[in-house]
Amino acid sequence: MNYQSICTQSIAVVKKAGGFIKSQLGKVKSGDIEEKALNSLVSFVDKEAEKMLVEGLSAIMPEAVFLTEEDTVENQEGEWQWIIDPLDGTTNFLHQLPVFSVSVALRHQEELVVGIVYEINLDECFYAWKNGGAYLNDRPVRVSESGTLEQCLLATGFPYYDYSQMQKYLQAFTYFMEHTRGIRRMGSAAVDLAYVACGRFDGFFEYSLNPWDVAAGILLVREAGGQLCDFCGSDNYLFGKEMVATNTNVHTAIRDQIVKAFQV
């Protein structure tokens, strides 16, 4: 299977959906917004973009099934599976804050083989395929070379509905706030991971994640030379709802603090 070719074809589909999303910025009215769960918002833009993605990706690989956020198509398990977030950062989009993205990944027999994160506002397309490296708009990218926490800029996502681990999260947050150059909260986990992959962030941690938030970003970080784990320090991060992603050099330092805070 030619993963590079699949990735190239998929980028065109992703950018088309991204163009539609950008055309709708500022046009969504309050009455058009649904609240799926506490602070989990969706609009017709998310759903229409997802339909566009499903249609376009189905044409590339008719045999593949889908795992999508908005359930516009039946979610299934199969040998080939697309994992899609049509608009990661919906709240940012609805408030016209310019950080939101389209995230698409392809999984073959439980292994991620293609990943694309398109940050719409800056027209930055991050992509990777298995054993092919990671790229930003045709330019190869690598994780940063920062070697100590004191040199690091980290990213995180604040809990917005699951507050069961809030005190543990704040313990880790406080430590990193005091021992790094700073922490940023962009509002799109897909963008956070893409920025780790290209070296803008040295590390990222968050819980209450979904597979469509992170699938593409996982492959980006791996192919860019980074490392990932869950909050136990193991590898259940695609479906485990929690993740640490780093540049490798500081992986142990960040992982150990997360494990210390969350495994009490």
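Trainee: In which loop is G233 found?

Mentor: This is a predicted model. G233 lies in the loop between strand 13 (227–229) and strand 14 (242–246). Leaving out residues up to four places away in sequence, G233 touches R255 and V259.

Now to the aromatic residues. A search of the whole structure finds 15 aromatic pairs. One of them is formed by Y169 and F205, with ring centres 5.8 Å apart and planes at 40°, which makes the pair tilted. Y169 belongs to helix 4 (residues 166–179) and F205 to strand 12 (residues 203–207), so the pair links distant parts of the chain, 36 residues apart. Y169 and F205 are both buried. They also belong to one aromatic cluster, made up of F158, Y169, F173, Y175, F176, F205, Y207, F231 and F262.

Helix 5 (residues 189–197) is mostly covered, with 9 of its 9 residues buried. These are A189, A190, V191, D192, L193, A194, Y195, V196 and A197. After helix 5 comes G199, which has a positive phi, near 90°.

Helix 1 (residues 3–23) and helix 2 (residues 44–60) pack with their axes 9 Å apart and at an angle of about 160°. Helix 1 and helix 2 are therefore roughly antiparallel to each other, and their crossing is right-handed. On the side of helix 1, the contact is made by I6, Q9, S10, V13, V14, K16, A17, F20 and I21. Helix 2 contributes V45, E48, A49, M52, L53, G56, L57 and I60. An α-helix has 3.6 residues a turn, so residues three or four places apart point the same way. Sorted by class, the contact between helix 1 and helix 2 has 12 nonpolar, 3 polar and 2 charged residues.

Note on methods: Residues numbered from 1 in each chain as written. Predicted model: local features only at pLDDT ≥ 70, side-chain atom pairs only at ≥ 80, totals over all residues. Heavy atoms only, no water. Buried < 20%, exposed > 50% of the residue type's maximum accessible area, 1.4 Å probe, protein only. Helix = DSSP H or I, 4+ residues; strand = E, 2+ residues; numbered from the N terminus. Axes fitted to C-alpha atoms, helices over the stretch in contact; angles between N-to-C directions. Parallel < 35°, antiparallel > 145°, perpendicular 65-115°, else oblique. Left-handed = near helix turned anticlockwise from the far one by under 90°. Contact = heavy atoms within 4.5 Å. Nonpolar A, V, L, I, M, F, W, Y, C, P; charged D, E, K, R; others polar. Phe/Tyr/Trp six-rings, centres within 6.5 Å; stacked < 30°, edge-to-face > 60°.
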